[in-house]
Amino acid sequence: MKEKLNILLLGSGGRESALAWKIAQSARLGNLYVAPGNAGTAQWNIPVAPTDFEAVKAEVEARCIDMIVVGPEQPLVDGIYDYFAQEMPAVKVIGPSKAAARLEGSKEFAKEFMARNVIPTARFMSVTEDTLDEGLHFLEALQPPYVLKADGLAAGKGVIILDSLADAKDTLSEMLGGMFGNASATVVIEEYLSGLECSVFVLTDGEHYKILPVAKDYKRIGDGDTGPNTGGMGSVSPVPFADEEFMEKVRSRIVEPTLAGLRRENLTYKGFIFLGLMNKGGEPYVIEYNVRMGDPETQSVMPRIGADILELFEGVAEGTLNLKPMTADRRAVASVVLVSGGYPGSYEKGKAISGLEDVASDDGTIVFHAGTKEGPDGMTLTSGGRVLAVTAYGDDIPAAVAAARRGADKITFEGAYHRSDIGSDLIALLPKD
């Protein structure tokens with residue numbers, strides 16, 4: 001590839017804000033464009049939908065793009081890698097092929113892939129309307145709580161966990177009946193695994209890989225992990241229990257068998273693999289695969305990567321990732337997400353945000369935008385449920401968490417809410433003085 005790279009980053013959330021921040025630091029960067037972006041990436045934004053491949057291609061041609069970095073899952077599941085491999089093979093896409101993206105696009109495919117490749121995961125059964133009776137019997141054989149997953153993409157809402165067997169049976173029928181449209185025409189019933197979760201991100205060229213800094217995210221809306229699930233209320237990196245012994249198990253039992261399985265099944269993969277893991281008594285189990293970086297984990301992971309991200313991406317594209325150095329910043333990073341009042345239910349948009357300039361001046365604190373837009377008067381306005389992520393470094397997890405909370409407290413908009421206990425569970429694991 002040429003010395004300077006023109007990059008098109010697809011997406012509009014907090015993940016893309018963090019990726020843009022990291023890409024902008026690269027010595028290899030020529031021009032950066034973000035499609036469609038948000039108020040935090042305004043200087044790079046172009047108004048193109050990531051799933052409109054023809055429109056993306058037109059921008060790639062017009063702006064002499066060398067590489068496309070795909071943030072969200074939908075373009076990958078729809079086949080953007082294959083589209084450009086066919087239409088413009090000189091343009092490199094960071095992301096898997098359509099066939100490989102089924103690891104996220106189909107829960108059934110992912111679970112069967114794990115079974116074929118002997119990757120530790122929970123017991124499961126795939127159910128359709130035709131096999132509903134078998135699914136009901138399988139539920140009866142499990143201990144509560146009961147996990148039901150829509151097979152297809154359901155905007156992050158397709159996983160339901162229920163304590164009552166009767167409720168689980170009713171919900172299974174409702175899901176198969178169209179609760180999530182075609183996404184739940186097949187439902188995966190899963191054995192519930194209890195333990196501590198973490199997110200492991202792997203960057204791979206299909207042969208070689210780098211394990212990025214490990215993070216933990218917080219899905220529920222309320223303090224103490226209460227209330228409904230969200231897209232994520234915050235994240236912390238590193239994770240104390242993801243020590244050398246645990247990560248060696250992750251490498252040998254999960255990462256390497258996953259990559260070997262992809263190669264064996266001729267599934268082209270050049271990009272990020274997200275491993276949602278459960279630590280059950282010191283043993284790692286895969287809860288789910290994603291085929292891209294997570295949000296809000298990216299906001300805590302990117303600041304800890306000690307490498308030029310475009311050098312790593314070039315290694316991915318060219319199959320030379322093993323030749324690219326990467327370290328992890330020794331400092332901890334925490335991210336606190338501010339959300340709109342009412343989220344994850346209904347909420348109002350267009351609220352003016354104040355205090356951003358107060359946080360930006362704090363040393364070591366970064367504000368990543370998610371659901372924001374620029375107003376006509378230059379004000380930054382809310383435009384989504386998850387609005388901002390305040391990310392901070394610290395010498396340890398307590399210091400990073402405290403700094404992120406301080407930053408979050410300085411930002412205000414009508415109905416603004418954030419959790420006050422992000423990282424508390426990890427702090428409780430740390431040795432006491």
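Which residues line the second largest pocket? In this predicted model, the lining is made up of Ile211, Leu212, Pro213, Val214, Pro238, Val239, Pro240, Ala242, Asp243, Glu244, Met247 and Arg251. The space inside the second largest pocket comes to about 170 Å³.

From the pocket, let's move on to a sheet. Five strands form an open sheet here, and you can follow them in the order E11-E14-E19-E23-E20, paired in the antiparallel sense. The edges are taken by strand E11 (216-217) and strand E20 (365-369); each has a single partner strand, so one side of each has no neighbour in the sheet.

Further in, have a look at how strand E14 (residues 234-237) meets strand E19 (residues 332-339): the two pair antiparallel over four bridges. To find a spot to start from in your viewer, pick Ser237, whose bridge partner in E19 is Val333.

Helix H1 (residues 14-23) touches E20 and strand E23 (386-394), and the direction of H1 makes about 130 degrees with that of E20. Helix H13 (residues 397-409) also packs on the sheet, where its contacts are with E14, E19 and E23.

Terms used. Residues are numbered from 1 along each chain as its sequence is written. This is a predicted model: local features need pLDDT of at least 70, side-chain atom pairs count only at pLDDT 80 or more; totals for chains, interfaces and linings use all residues. Side-chain values use heavy atoms; hydrogens and water are left out. On a 1 Å grid over the protein atoms alone, a cavity is a set of points where a 1.4 Å probe fits but cannot get out, and a pocket is an open set with protein on both sides within 12 Å along at least five of seven lines; lining residues have an atom within 4 Å of a point. Grid points are joined across faces, edges and corners, and a volume is the space filled by probe spheres set on the points. Two strands pair if DSSP finds at least two bridges between them. Contact means heavy atoms within 4.5 Å. Axes are lines fitted to C-alpha atoms, for helices over the stretch in contact, and angles run from 0 to 180 degrees between N-to-C directions.
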